Amino acid sequence: MSAHPYGPNTSAIRQFLVQLAGLGTSDRARVVAAYEHTAATANWQRAESRLAAVIERSGREASRDALTGPLMQLVRHSTTPTALSDNASDAEVMATLDPVAEPALAALLALLVRDLLSAEDATLLLSPFDAIDVDTASA
């Protein structure tokens, strides 16, 4: 296994995953509430579009894909079977996950390409985690 499976920002991503794992129920609820408010804005939509473009241009798709396993371990409900059928709907998949999954994915992807993303976009995409003092700044 590579020492940097998530690219040049592996350290910050690992720190984020550890801190995500330590979030309690009320902290997760605060993240989800902040995310639902922020993700509904036009600024968020534009930042997400730019994020997708940056990931594609960066060639970090393999690093992006490597995030899936650790994130799924942290956000899958403990009572959920580990496998879904190949033709499971998005709704079926989402029902198996903690609601923090979506904001966590956005934050992880922003960290993945933080060195290539504008500071404003990175700050916005990480902002649902601000209220709980998750320190993702150190690399």
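Q: Is Trp 44 buried or exposed, and what is its relative accessible area?
A: In this predicted model, Trp 44 is buried, with a relative accessible area of 0%.

Q: Which residues touch the most other members of the largest nonpolar core?
A: They are Ile 13, Phe 16, Leu 20 and Phe 129, in a core of 37 residues. The elements giving two or more residues to this core are α1, α2, α3, α5, α7 and α8. Helix α7 provides the largest share, 9 residues.

Q: What is Ile 13 in contact with?
A: Leaving aside neighbours within four places in sequence, Ile 13 is in contact with Tyr 6, Leu 67, Leu 108, Leu 111 and Leu 112.

Q: Which residues of α1 are buried?
A: The buried residues of α1 are Thr 10, Ala 12, Ile 13, Phe 16, Leu 17 and Leu 20. Viewed down the axis of α1, they fall within an arc of 160 degrees, so they line one face of the helix. Those buried residues pack against α2, α5 and α7.

Q: What span should α1 have at 1.5 Å a residue?
A: The 12 residues of α1 should span 16 Å, and the end C-alpha atoms are 16 Å apart, which agrees.

Q: Moving on to α2, how many residues does it have and how far does it reach?
A: Helix α2 covers residues 25-38, which makes 14 residues, and reaches 20 Å from its first C-alpha to its last, close to the 20 Å expected at 1.5 Å a residue.

Q: Which of its residues are buried, and where do they lie around the axis of α2?
A: Arg 28, Val 31, Val 32, Tyr 35 and Thr 38 are buried in α2. Down the axis of α2, these residues fall within an arc of 135 degrees, so they line one face of the helix. The face turned away from the buried side carries the exposed residues Thr 25, Glu 36 and His 37.

Q: What covers the buried residues of α2?
A: The cover includes α1 (10-21), α3 (42-58), α5 (68-75), α7 (101-112) and α8 (119-126).

Q: Change of topic: how many salt bridges are there?
A: The count comes to 5 salt bridges. Among them, Arg 30 pairs with Asp 27, the closest N and O atoms being 2.0 Å apart. Both residues lie in helix α2, 3 residues apart, about one turn of the helix. Arg 30 is partly exposed, with a relative accessible area of 41%.

Q: Which salt bridge does Arg 28 form, and what does it link?
A: The side chains of Arg 28 and Asp 98 meet in a salt bridge at 3.1 Å, N to O. The pair links distant parts of the chain: Arg 28 lies in helix α2 and Asp 98 in the loop between α6 (90-95) and α7, 70 residues apart. Both Asp 98 and Arg 28 are buried.

Q: And what does Asp 115 pair with?
A: Asp 115 meets Arg 60 in a salt bridge of 2.8 Å, N to O. Here too the pair links distant parts of the chain, with Asp 115 in the loop between α7 and α8 and Arg 60 in the loop between α3 and α4 (61-66), 55 residues apart. Asp 115 counts as partly exposed at 44% relative accessibility, whereas Arg 60 counts as buried at 13%.

Q: Where is Asn 9, and what does it touch?
A: Asn 9 lies in the segment before α1 and counts as buried, at 7% relative accessibility. Not counting residues up to four places away in sequence, Asn 9 touches Arg 60, Leu 111, Leu 112, Val 113, Arg 114 and Asp 115.

Methods. Residues numbered from 1 in each chain as written. Predicted model: local features only at pLDDT ≥ 70, side-chain atom pairs only at ≥ 80, totals over all residues. Heavy atoms only, no water. Helix = DSSP H or I, 4+ residues; strand = E, 2+ residues; numbered from the N terminus. Expected span 1.5 Å × (residues − 1). Buried < 20%, exposed > 50% of the residue type's maximum accessible area, 1.4 Å probe, protein only. Arc of directions from axis to C-beta. Contact = heavy atoms within 4.5 Å. Core = buried A, V, L, I, M, F, W, Y, C linked by side-chain atoms within 4.5 Å. Salt bridge = Lys/Arg side-chain N within 4 Å of Asp/Glu carboxyl O.
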